[in-house]
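Visitor: I am new to this structure. Please pick one part and take me through it closely.

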Amino acid sequence: MTSDPNLVLGVLTENSGFSIETTQRDAWRSQIQILQKELKPFTGRGTVFFEFIVPRMGKRIDVLALIDHAIFVIEFKVGESLFNRAAVDQVWDYALDLKNFHETSHHCVIAPILIATQTQGTRG
């Protein structure tokens with residue numbers, strides 16, 4: 001993810017099917033910044049999709065990153081400092097939806113990742 005952050009934000013905004021509030025815009029900015037830093041070692045090895053809609057389910061995954069032969073389902077909780085149960089369940093549900101209802105994902109490795117942007121540690 002090496003594109004200019006403002007270009008990425010512009011494309012997201014232009015292709016959004018809903019009204020963009022400042023909180024959504026700021027969340028996308030934060031997500032772009034985090035992903036550009038953390039995915040830098042994987043440059044050229046995959047593709048990143050924002051607001052990925054799970055076919056037939058109608059759910060929107062914050063970020064879907066296809067890197068090498070793995071699918072990373074990334075759910076952001078911008079401004080949160082805790083990994084609450086509902087957020088953990090949400091990212092797991094997205095991963096399971098892809099595994100069970102998205103034919104091309106049936107045989108792929110799928111890794112759900114929850115990012116609470118204000119946390120100081122990790123949770124396994």
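Guide: D68 lies in the loop between β2 and β3. Strands here are DSSP runs of E with at least two residues, helices are runs of H or I with at least four, and both are numbered from the N terminus. The phi angle of D68 is near 55°, a positive value in a residue other than glycine. D68 has a relative accessible area of 45%, so it counts as partly exposed. That class sits between buried, under 20%, and exposed, over 50% (1.4 Å probe, protein chains only).

A word on the source. This is a predicted model, in which local features need pLDDT of at least 70 and side-chain atom pairs count only at pLDDT 80 or more, while totals for chains, interfaces and linings use all residues. Residues are numbered from 1 along each chain as its sequence is written, and side-chain values use heavy atoms, leaving out hydrogens and water.

Now the strands beside the loop. They belong to an open sheet of 4 strands, ordered β1-β2-β3-β4, with mixed pairing. Two strands pair if DSSP finds at least two bridges between them. β1 (46-53) and β4 stand at the edges with a single partner strand each, so one side of each has no neighbour in the sheet. Neighbouring strands are turned by 25° against each other on average, direction ignored. Axes are lines fitted to C-alpha atoms, for helices over the stretch in contact, and angles run from 0 to 180 degrees between N-to-C directions.

β3 and β4 run parallel, joined by 8 bridges. In β4, I115 is the bridge partner of F76. Helix α2 (residues 22-38) packs on the sheet and touches β1, β2 and β3. Its direction makes about 160° with that of β1. Contact means heavy atoms within 4.5 Å.

A nonpolar core is a set of buried Ala, Val, Leu, Ile, Met, Phe, Trp, Tyr and Cys residues joined through side-chain atoms within 4.5 Å. The largest one has 14 residues, and I61, L64, I71, V73, L98 and I110 touch the most other members. β2 (60-67), β3 (70-77), α3 (85-101) and β4 (109-116) each supply at least two of its residues. α3 gives the largest share, 6 residues. Leaving aside neighbours within four places in sequence, V73 is in contact with residues including I61, L64, L98 and I110. A second, separate core of 13 residues includes I32, L35, F50 and A65.
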